[in-house]
Amino acid sequence: MADKSNLLIFGATGSIGKYIIDAIVNARDSFGRIAIFTSPNTLTSKPDEINALRHKGVDILVGNIANRDEVLKAYDGVDTIISALGRGAIAAQIPLIQLANETPNIKRFLPSEYGTDIEYSPASQHEKPHQQKLKVRAALKEVRSDLEYAYVVTGPYADFPFYLGRSRSPRGGTFDVVAKKAVLLGDGQGRISLTACADVGKFVAHTLTHWDAARNRALKVNSFTTTPAEILAVFETHTKSTWSVEYTPLDELRALEKEAWDNGAPEATVYTLRRIWTEGGTLYDRRDNEDIGVTQTTTLSELVEDSIRKQVEELAPKH
Ligand SMILES: NC(=O)c1ccc[n+]([C@@H]2O[C@H](COP(=O)([O-])OP(=O)(O)OC[C@H]3O[C@@H](n4cnc5c(N)ncnc54)[C@H](OP(=O)(O)O)[C@@H]3O)[C@@H](O)[C@H]2O)c1
């Protein structure tokens, strides 16, 4: 793109959106206008985050993602849309894509992905948590040829409170610093690729600044590949103690998954994703990091240290 890109970000104050906007703001010289589109509710419920973004020169546009006129107004002068909308709003991206298609100045759309590869293998198309994201990809195949896309596929987030955290459903895997107890998935030796949330932001910013390599691709990027047993060893080293360990073999994980879906339990999606990861659904012959110029990523050791600090802080008395 000859001129600097004008960006509009949806979901910028969400769990991963905040890392994405941070990385974009850190690379601000590479971009033109940076704007976020947020709901009136978020404007009032997250005033500190919104003010911090304003101070960094981010334009705050307020509206409803389902309101055509408000969205079209926000699209004015923008060439790139980045969505970090949450799981509950994945399908809401389809009208956003259709409106982008009607707006000739919009040239790139990055849908909310940042997770498990929804086209990893032929079986992926049947996975329940993937259905809405698959429809979003299908919608992006229907647009004019000069509206391009990239899918930033990061696999699971490593950071506390995600993979390296203490889980409320420990049979689905947990690293509990206070109880010094881990539940490892599978036999604990299966390899898994994880991504630090800060690296998700970095990968998105680099996707935009390395567009010739990124356009119309699913980028398989991650911070490192490890095993549950290796993660436990790093926790034990950093806490200078031996932890108690249990395992949730794959067949038990599959049974938990089935039971959760049968009962409409909220953790059903998490069980499915963790089963996919334990089956090897985050592993590739190569990662695409370097294609978009990312040569340095956060380490497992850094994230374990961070998880230990946050788990201890969580239990400390509040003043
Ligand atoms: N790889 C992983 O381990 C992992 C973990 C979690 C999530 N993810 C993925 O990351 C992406 C973003 O998820 P997130 O957890 O960061 O999102 P989130 O924090 O739940 O939500 C992000 C933002 O989306 C907007 N939103 C509007 N309507 C919504 C609705 N009905 N439901 C949910 N959000 C709505 C809200 O922003 P406004 O109020 O500003 O509109 C919200 O702050 C998703 O694609 C998700 O699947 C991956």
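Axes here are lines fitted to C-alpha atoms, for helices over the stretch in contact, and angles run from 0 to 180 degrees between N-to-C directions. On that basis, the axes of helix H4 (residues 68-75) and helix H5 come within 10 Å and cross at roughly 50°. The structure is a predicted model, in which local features need pLDDT of at least 70 and side-chain atom pairs count only at pLDDT 80 or more, while totals for chains, interfaces and linings use all residues. Residues are numbered from 1 along each chain as its sequence is written, and side-chain values use heavy atoms, with hydrogens and water left out.

**Domains**

- The domain assignment, whose bounds come from an automatic or database source, divides the chain into domain 1 (5-155 + 194-220) and domain 2 (170-193 + 224-283 + 295-312).
- The centres of domain 1 and domain 2, taken over C-alpha atoms, are separated by 28 Å, and the contact, meaning heavy atoms within 4.5 Å, takes twelve residues from domain 1 and 20 residues from domain 2.

**The seven-stranded sheet**

- Seven strands form an open sheet with parallel pairing, in the order S3-S2-S1-S4-S5-S6-S10; strands are DSSP runs of E with at least two residues, helices are runs of H or I with at least four, and both are numbered from the N terminus.
- Two strands count as paired if DSSP finds at least two bridges between them, and strand S3 (59-62) and strand S10 (217-220) each have a single partner strand, so one side of each is left without a neighbour in the sheet.
- From one strand to the next, the twist of this sheet averages 20°.
- Strand S1 (residues 5-10) runs parallel to strand S4 (residues 80-83) and is joined to S4 by four bridges, with Leu7 standing opposite Thr80 in S4.
- Helix H5 (residues 93-101) packs on the sheet and touches S1, S4 and strand S5 (108-110), its direction making about 170° with that of S5.
- Helix H6 (residues 131-141) lies across S5, strand S6 (148-153) and S10, and runs at about 155° to S6.

**The three-stranded sheet**

- A mixed open sheet is formed by three strands in the order S7-S8-S12, where strand S7 (174-176) and strand S12 (244-248) are the edge strands, each pairing on one side only.
- S7 and strand S8 (residues 181-185) run antiparallel and are joined by three bridges, and the bridge partner of Phe175 in S8 is Ala182.
- Helix H9 (residues 228-239) lies across S7, S8 and S12, running at about 165° to S8.

**Helix pairs**

- The crossing angle of roughly 50° makes H4 oblique to H5, given that angles under 35 degrees count as roughly parallel, over 145 as roughly antiparallel, 65 to 115 as roughly perpendicular and the rest as oblique.
- The contact between these helices is made by Arg68, Val71, Leu72 and Tyr75 of H4 and by Leu96, Leu99 and Ala100 of H5.
- By class, the contact of H4 with H5 has six nonpolar, no polar and one charged residues, where Ala, Val, Leu, Ile, Met, Phe, Trp, Tyr, Cys and Pro count as nonpolar, Asp, Glu, Lys and Arg as charged, and the others, Gly among them, as polar.
- Helix H10 (residues 250-262) and helix H11 (residues 268-278) pack at an angle of about 155° with their axes 8 Å apart, and H10 and H11 are therefore roughly antiparallel to each other.
- The contact of H10 with H11 involves residues including Leu250, Leu253 and Trp261 of H10 and Ala268, Tyr271 and Thr278 of H11, and its residues divide into seven nonpolar, three polar and four charged.
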